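Please keep the structure open while you read.

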Amino acid sequence: MNIVVCVKHVPDATADRQFESDNTVDREGVPGLMSELDEYAVEQSLQLKEKRATGDGGEEVTVTALTVGPEGAAEGLKKALQMGADKGVHVVDDAIAGSDAVATAKVLAGAVRKLGEVDLVVCGMASTDGAMSVVPAMLAELLDLPQVTFGSVVESQDKEFRIKRDGESATEVIGATAPLVLSVTDQSGEARYPSFKGIMAAKKKPVETWSLSDIDVDAGEVGAEAAWTAVISTEARPPRSKGEVVADEDGSGAKALVEFLASKKFI
Amino acid sequence: MSEVLVLVDEVDGAVRKPTYELLTIAKRLGEPSAVFIGGAEAADAAVEAVKKYGAEKVYVVDDSEIKGYLVAPKAEVLAQLVEQASPAAVLVPSSVDGREIAGRLAIKIGSGLITDATDVQPGDDGPVTTQSVFAGNYTVQAKVTKGTPIIAVKPNAAAPEETAGAGAVEKFTPTISDAARKAKIVASQPRQASGRPELTEAAIVVSGGRGTGGNFDPIEGLADSLGAAVGASRAVVDSGWKPHSFQIGQTGKVVSPQLYIASGISGAIQHRAGMQTSKTIVAVNKDEEAPIFELVDFGVVGDLHTVLPAATEEINKRKG
Ligand SMILES: Cc1cc2nc3c(=O)[nH]c(=O)nc-3n(C[C@H](O)[C@H](O)[C@H](O)COP(=O)(O)OP(=O)(O)OC[C@H]3O[C@@H](n4cnc5c(N)ncnc54)[C@H](O)[C@@H]3O)c2cc1C
Ligand SMILES: Nc1ncnc2c1ncn2[C@@H]1O[C@H](COP(=O)(O)O)[C@@H](O)[C@H]1O
């Protein structure tokens with residue numbers, strides 16, 4: 001079984017993320033890391049591998065971590081390899097800069113196609129920077145595969161997959177047959193930390209670097225020029241000015257709180 | 001004037017409030033056409049409901065052949081309607097399903113997509129959207145530059161305006177591919193109604209964190225005295241004290257109420273991402289150094305287990 005897990009290198013959410021003057025995300029000024037939400041995708045891929053490798057028959061499973069992004073994105077791949085992915089693919093091309101979700105999905109789809117027989121494409125529930133939660137669905141559309149997305153629990157037997165999906169108004173069980181696109185939420189199970197052994201092993205794992213021409217994606221279809229959406233303006237939200245904070249002493253806190261709520265007409 | 005397609009969000013014919021918000025926005029951009037994909041028996045109720053909020057036309061699509069499948073068939077329905085009606089825009093709710101439907105539609109019809117819009121206004125060359133990004137630290141205005149703008153709009157993006165529309169019913173029979181029927185909904189359990197307002201729609205949200213120690217009575221008591229919805233931090237969900245549907249934040253719900261009261265919540269960036277755009281923020285926390293206090297309009301340094309019940313009692317007394 002061949003699993004491709006899509007991991008995105010993103011600016012650290014706990015750092016001060018900013019926009020550049022051209023309204024693109026500043027990816028240099030802020031330390032980057034593999035999107036924390038993609039750790040869950042890597043974890044599920046590895047669990048699947050471990051389960052299948054030890055089951056009867058001992059199926060051979062290869063986990064390939066795939067990322068699309070500038071030079072620095074290779075760092076994100078490294079994390080996936082340290083966690084236990086077998087190999088990495090990094091699609092990097094100047095033409096990709098400024099791509100929107102559609103273009104990113106096209107590049108990812110091109111890379112998955114080039115990888116050949118893929119049974120599972122595993123994604124995170126959202127990237128921690130763009131946070132659109134649309135790339136997995138777009139990938140399914142582009143690759144003409146069933147989408148089994150937003151899974152908080154993943155179960156499988158041979159080629160049959162089932163997930164629990166926590167939707168807005170219902171909790172559903174979604175089922176489909178591989179090949180398929182799977183995305184998992186942060187409820188799917190704690191992601192492992194790379195072990196010392198894993199960190200050492202990752203250094204020897206193969207990483208391929210592909211450009212657009214390697215994956216048959218036309219440069220005219222991606223990048224800022226080809227984006228189907230345009231940012232008109234970005235504005236830093238004025239920091240909230242800190243309001244009054246009182247210390248509670250013998251019930252004074254509750255009284256002050258109610259006074260505040262009343263003054264704002266909430267009561 | 002061009003049509004603006006609005007995907008109706010409903011459960012058994014009961015139309016949900018975000019749909020009215022979408023219709024109100026649609027009216028700014030053109031002529032609202034509601035798209036109801038659901039059971040034939042629920043159609044009448046849904047048509048009546050959307051008519052009240054300005055739907056000039058209602059496309060009624062019988063979902064008996066497609067309701068057992070995830071997302072993909074609905075994207076096909078919308079793609080075929082776009083083909084037929086050449087609308088000025090397509091509006092869907094920015095929910096888990098809504099965004100995915102929009103994503104697939106964007107690829108199908110070669111059109112740009114904007115998600116999580118908190119406002120949509122007409123512009124010189126198409127709708128201009130407002131989004132809040134990076135955990136609410138930035139406000140971004142954007143537009144679609146190719147094809148038919150597809151916009152996933154968040155709850156509370158507009159105040160629903162009642163205005164009678166013609167509500168002309170047009171039955172639409174889509175052609176659904178086999179490929180769209182590959183992800184099956186094997187089972188579905190509707191979320192139990194809590195009797196409290198829906199989190200994403202509520203004007204007031206009272207939420208609790210690890211500091212509750214798992215006892216949500218003080219949170220729920222205060223919420224009920226204010227007619228508020230109840231939320232939680234991820235620490236609460238991870239501890240199994242509340243189901244994931246209560247979670248507010250990056251990987252939970254994003255709320256933007258008039259008033260947000262956080263108790264026993266430290267205010268991690270991932271939690272802020274879900275509440276930072278609330279109009280008024282109040283926090284109760286034992287630790288005066290808690291980062292949540294950086295955001296507040298009003299804060300109490302104290303134990304939530306004493307402060308909240310006392311406040312609740314006082315509020316109930318004032319209400320008489
Ligand atoms: C990828 C990722 C996604 C995440 N998504 C989310 C998300 O969607 N939502 C979310 O909330 N978190 C999310 N988190 C987790 C987040 O980082 C924090 O760990 C979490 O928000 C902490 O919850 P808390 O504030 O309840 O707990 P803590 O940080 O432990 O804070 C508890 C607070 O309660 C106070 N307290 C204790 N006892 C009392 C008392 N008796 N009275 C008053 N105050 C008291 C303490 O002083 C403390 O400030 C995510 C993390 C990651 C890595
Ligand atoms: N540039 C990228 N490289 C690799 N995977 C990506 C990239 N962008 C998005 N993804 C995948 O798609 C998921 C959802 O992303 P998004 O739709 O941007 O929120 C992520 O969790 C990743 O698994």
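By class, the shell around ligand 2 holds 12 nonpolar, five polar and two charged residues. In this scheme Ala, Val, Leu, Ile, Met, Phe, Trp, Tyr, Cys and Pro are nonpolar, Asp, Glu, Lys and Arg are charged, and the others, Gly among them, are polar.

A word on the ground rules. This is a predicted model, where local features need pLDDT of at least 70, side-chain atom pairs count only at pLDDT 80 or more, and totals for chains, interfaces and linings use all residues. Residues are numbered from 1 along each chain as its sequence is written, chains are lettered from A and ligands numbered from 1 in the order in which they are written, and side-chain values use heavy atoms, with hydrogens and water left out.

**The site of ligand 2**

Ligand 2 has 19 residues around it, and C6(A), D38(A), V68(A), S127(A) and S133(A) come nearest. A residue counts as near if one of its heavy atoms lies within 4 Å of the molecule or strand in question. Four elements of chain A, namely β4 (62-68), α3 (101-115), β6 (120-124) and α4 (135-143), each supply at least two residues of this shell. The largest share, three residues, comes from β4(A). Helices (H or I, at least four residues) and strands (E, at least two) are DSSP runs, numbered from the N terminus.

**Polar contacts of both ligands**

The table lists pairs of N or O atoms within 3.5 Å; within protein, one atom must be able to donate a hydrogen and the other to accept it, and residues adjacent in sequence count only if both atoms are side-chain atoms.

| Residue and atom | Ligand and atom | Distance |
|---|---|---|
| Q250(B), backbone N or O | ligand 1, oxygen | 3.1 Å |
| G252(B), polar backbone atom | ligand 1, oxygen | 3.5 Å |
| K286(B), backbone N or O | ligand 1, nitrogen | 3.1 Å |
| V7(A), polar backbone atom | ligand 2, nitrogen | 3.5 Å |
| V68(A), backbone N or O | ligand 2, nitrogen | 2.8 Å |
| S127(A), polar side-chain atom | ligand 2, oxygen | 2.7 Å |

On its own, ligand 2 has 490 Å² of accessible area, and the protein covers 97% of it. Ligand 1 taken alone exposes 990 Å², of which the protein buries 82%. These areas come from the Shrake-Rupley method with a 1.4 Å probe; for residues, only the protein chains shown count as cover.

**The site of ligand 1**

Around ligand 1 there are 27 residues, the closest being R210(B), S233(B), I248(B), S266(B) and N285(B). Which chains contribute to the surroundings of ligand 1? Residues from chains A and B do, so the site is shared between chains.

**Helix packing**

Within chain B, α5(B) (residues 217-226) and α8(B) (residues 304-319) pack at an angle of about 20 degrees, with their axes 9 Å apart. α5(B) and α8(B) are therefore roughly parallel to each other, and their crossing is left-handed.

Axes are lines fitted to C-alpha atoms, for helices over the stretch in contact, and angles run from 0 to 180 degrees between N-to-C directions. Angles under 35 degrees count as roughly parallel, over 145 as roughly antiparallel, 65 to 115 as roughly perpendicular and the rest as oblique. A crossing is left-handed if the near helix is turned anticlockwise from the far one by less than a right angle, and right-handed if clockwise.
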